[in-house]
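Subject: Structure handover and notes

Dear colleague,

I am passing on the structure we spoke about, and below it you will find my notes on what turned up when I went through it. Please read them alongside the coordinates.

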Amino acid sequence: MTDDFRNFDALRIVKLEDGALERPVYYSQTGRQKIRVGDVCVKIGDWLGDKVRVEAVRPDGAIDWQDQIPADCFERIPATSAPYCRRRIHESWAWALSLNGKRRSEREWNDALDLAQKVMSFARLNVDLLVERLHNIGYQFANRTPHVLPDAECDEKILELENRGCHLPIALRAWIMEVGRVDLCGSHPDWPRTAYAGMFEDKDDSEPWGTDPLVVDVNLDALLSSDRVKSSVMIAPDDTTKANYSGGGPIRVSTKKPSFDMVMIGQHGSFTLHSYLQHAFSWGGFPGFRYLPDPPTDMLKLLSNGLVRL
């Protein structure tokens, strides 16, 4: 049945009607002529007669093919196995944002969380790639463990916070469940100024470079240890604290009411978590370089190359 698959599930064709190994394409932006057994695609909707509407998207975003195929012709594979159309994700994200402040059905809640988890699973790929690349080029992390994997009990801990009236936005919840905790603070020895005070000897007396490295770090245990109901939670320090130089108030999100994605209070640019991640990944994990003269362009290109555009 089509209910077995959810929108944006990654699917692989294991058979076609009448035992065929290939069939003509219904629609293609790339000139693709045939659909074949073994092709990977993404579900984008249900269709009549227990069929599902699916499309295969190339890494550059072009729709290789689109068609309606019986649901029993597919097997589900990991969400990150198939690229998706960003326009469709953005449309669905906008729908989910419309749930902010509204009474939601259980199905709407589950659909929104499922969407957010799929997007954050791609964010996890980006984080893994960034940490590996930074290690390879000699970047020095301030935190010896820049990426902490998700807590095996995070679902239960989030539910306990929810029961206490601390409503983590669904997008943040999905980040915690799929990615975990990330802290890219640090510096590179070849940079003309350190980006983390005290890590390398500065070549002048200037303040550290404000690279504003990617940090999304929610400590569930610390939240649960408090007897107070949190109306907002810290998800990252501000950019100067990230540079280990003075600092202001932390970056927070409101947890007063159930929501899908919320504006990050204190973050430059009035970003939600999703839009902040888009921005941060486009700068190789260091969006502060946008505001700095003479950024290390070649290094940033190396870091951002091939990252999934959320």
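Val-42 has Glu-55 of strand 5 as its bridge partner, in a model that, please keep in mind, is predicted. The pairing to which strand 4 (residues 40–47) and strand 5 (residues 51–57) belong is antiparallel and runs over five bridges. Both strands are part of an open sheet of five strands, arranged in the order 6-5-4-1-7 with antiparallel pairing. Its edges are formed by strand 6 (63–70) and strand 7 (74–77), each of which pairs on one side only, and neighbouring strands in this sheet are turned against each other by 40° on average, with direction ignored.

In the loop that lies between strand 1 (10–13) and strand 2 (22–24) you will find Gly-19, which is exposed, its relative accessible area being 62%. Between Gly-19 and Val-37 the separation is 18 residues in sequence, while from C-alpha to C-alpha they are 9.8 Å apart in space.

A second open sheet is made of three strands in the order 9-10-12, again with antiparallel pairing, and here strand 9 and strand 12 are the edge strands, each pairing on one side only. Strand 9 is joined to strand 10 (residues 181–183) in the antiparallel sense by two bridges, and within this pairing His-147 stands opposite Val-182 of strand 10.

Is it buried or exposed? With a relative accessibility of 14%, His-147 counts as buried, because the cut-off for that class is under 20%. Its side chain reaches the backbone oxygen of Val-179 at 2.7 Å. If neighbours within four places in sequence are left aside, the residues in contact with His-147 are Arg-124, Val-127, Asp-128, Val-131, Val-179, Arg-181 and Val-182.

Turning to the helices, helix 3 (residues 154–163) has Cys-154, Lys-157, Ile-158, Leu-161 and Glu-162 as its buried residues. Seen down the helix axis, these fall within an arc of 145°, and they therefore line one face of helix 3. As a general point, an α-helix has 3.6 residues a turn, so residues three or four places apart point the same way. The face of helix 3 that is turned away from the buried side carries Glu-156, Leu-159 and Asn-163, which are exposed. On the buried side, the packing partners are helix 2 (106–136), helix 4 (170–178) and helix 5 (220–225). After helix 3 comes Gly-165, with a positive phi near 95°.

Helix 7 (residues 273–282) is largely enclosed by the rest of the structure, because seven of its 10 residues are buried. Those residues are Leu-273, His-274, Tyr-276, Leu-277, His-279, Ala-280 and Phe-281, and what covers them includes helix 1 (86–97), helix 2, helix 4, strand 12 (215–216), helix 6 (239–242) and helix 8 (297–304). Helix 7, too, is followed by a glycine with positive phi, namely Gly-284, where the angle is near 65°.

Strand 13 (residues 232–236) is likewise largely enclosed by the rest of the structure, since four of its five residues are buried. Strand 13 runs antiparallel to strand 14 (residues 251–254), to which four bridges join it, and Ser-232 stands opposite Ser-254 of strand 14.

Finally, the nonpolar cores. The largest of them has 72 residues, and those with the most contacts inside it are Met-120, Leu-172, Trp-175, Leu-214 and Leu-277. Helix 2 supplies the largest share of this core, with 13 residues. Not counting residues up to four places away in sequence, Leu-172 touches Val-216, Val-218, Val-233, Ile-235, Val-253 and Leu-273.

With best regards

Note on methods. Residues numbered from 1 in each chain as written. Predicted model: local features only at pLDDT ≥ 70, side-chain atom pairs only at ≥ 80, totals over all residues. Heavy atoms only, no water. Buried < 20%, exposed > 50% of the residue type's maximum accessible area, 1.4 Å probe, protein only. Arc of directions from axis to C-beta. Contact = heavy atoms within 4.5 Å. Polar contact = N/O pair within 3.5 Å; in protein donor to acceptor, adjacent residues only side chain to side chain. Pairing = 2+ DSSP bridges. Axes fitted to C-alpha atoms, helices over the stretch in contact; angles between N-to-C directions. Core = buried A, V, L, I, M, F, W, Y, C linked by side-chain atoms within 4.5 Å.
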